[in-house]
Amino acid sequence: MDTPRKYTGYTHVALEVTNAESALKSVREIGIAITGEVEFDGAKFFFIRDSDKNVIEFHQPANR
């Protein structure tokens, strides 16, 4: 998360996408700031905040 204070419980919504690069490009094109990007074990994630400052995660699972 992009804030120093962390909370327990549900902190954001996660959306599964089939192409993280395409989703990331679309989000950038409309001017939304990316607050984090992570890739590990073939899975890709990126995060944004909506206008109410809620975190939204975009997640592309690893191809296994």
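Is histidine 12 buried, partly exposed or exposed, and what is its relative accessible area? In this predicted model, histidine 12 has a relative accessible area of 33%, and because buried means under 20% and exposed over 50%, histidine 12 is classed as partly exposed. The residue is found in strand E1, which covers residues 12-16. Beyond its neighbours within four places in sequence, histidine 12 is in contact with Phe47, Val55 and Glu57. The C-alpha trace spans about 35 × 30 × 15 Å along its principal axes. Of the 64 residues, 23% count as buried. The protein exposes about 5,000 Å², and carbon and sulfur atoms supply 51% of this area. Among contacts between residues at least 6 apart in sequence, 34% join residues at least 24 apart.

In soluble globular proteins, nonpolar side chains tend to be buried together. The largest nonpolar core of the model has 9 residues, namely Val17, Ala20, Ala23, Leu24, Val27, Phe46, Ile48, Ile56 and Phe58. Two or more residues of this core come from each of helix H1 (20-29), strand E3 (43-49) and strand E4 (55-60). The largest contribution is that of H1, which gives 4 residues. Phenylalanine 58, one of the core residues, is in contact with Leu15, Val17, Lys44, Phe45, Phe46 and Ile48 when neighbours within four places in sequence are left aside.

The buried residues of H1 are Ala20, Ala23, Leu24 and Val27. Viewed down the helix axis, the buried residues of H1 fall within an arc of 100°, and they therefore line one face of the helix. An α-helix has 3.6 residues a turn, so residues three or four places apart point the same way. The buried residues of H1 pack against strand E2 (34-40), E3 and E4. On the face of H1 turned away from its buried side are the exposed residues Lys25 and Glu29.

Threonine 35 belongs to strand E2. Its relative accessibility of 32% places threonine 35 in the partly exposed class, because that class lies between the limits of 20% and 50%. Not counting residues up to four places away in sequence, threonine 35 touches Asp2, Phe47, Ile48 and Arg49. Threonine 35 and isoleucine 56 are 21 residues apart in sequence, with a C-alpha to C-alpha separation of 9.7 Å.

Most residues other than glycine have a negative phi. Aspartate 41, which is not a glycine, has a positive phi of about 50°. This residue, aspartate 41, lies in the loop between E2 and E3. Aspartate 41 counts as exposed because its relative accessibility is 63%, and the cut-off for this class is over 50%. From aspartate 41 to glutamate 21 the C-alpha to C-alpha distance is 16 Å, and the two residues are 20 residues apart in sequence.

Lysine 53 is placed in the loop between E3 and E4. The phi of lysine 53 is near 75°, again a positive value in a residue other than glycine. With a relative accessible area of 58%, lysine 53 is exposed.

Key: Residues are numbered from 1 along each chain as its sequence is written. This is a predicted model: local features need pLDDT of at least 70, side-chain atom pairs count only at pLDDT 80 or more; totals for chains, interfaces and linings use all residues. Side-chain values use heavy atoms; hydrogens and water are left out. Buried means under 20% relative accessible area, exposed over 50%, partly exposed in between (1.4 Å probe, protein chains only). Contact means heavy atoms within 4.5 Å. Accessible areas come from the Shrake-Rupley method with a 1.4 Å probe; for residues, only the protein chains shown count as cover. A nonpolar core is a set of buried Ala, Val, Leu, Ile, Met, Phe, Trp, Tyr and Cys residues joined through side-chain atoms within 4.5 Å. The arc is that of the directions from the helix axis to the C-beta atoms.
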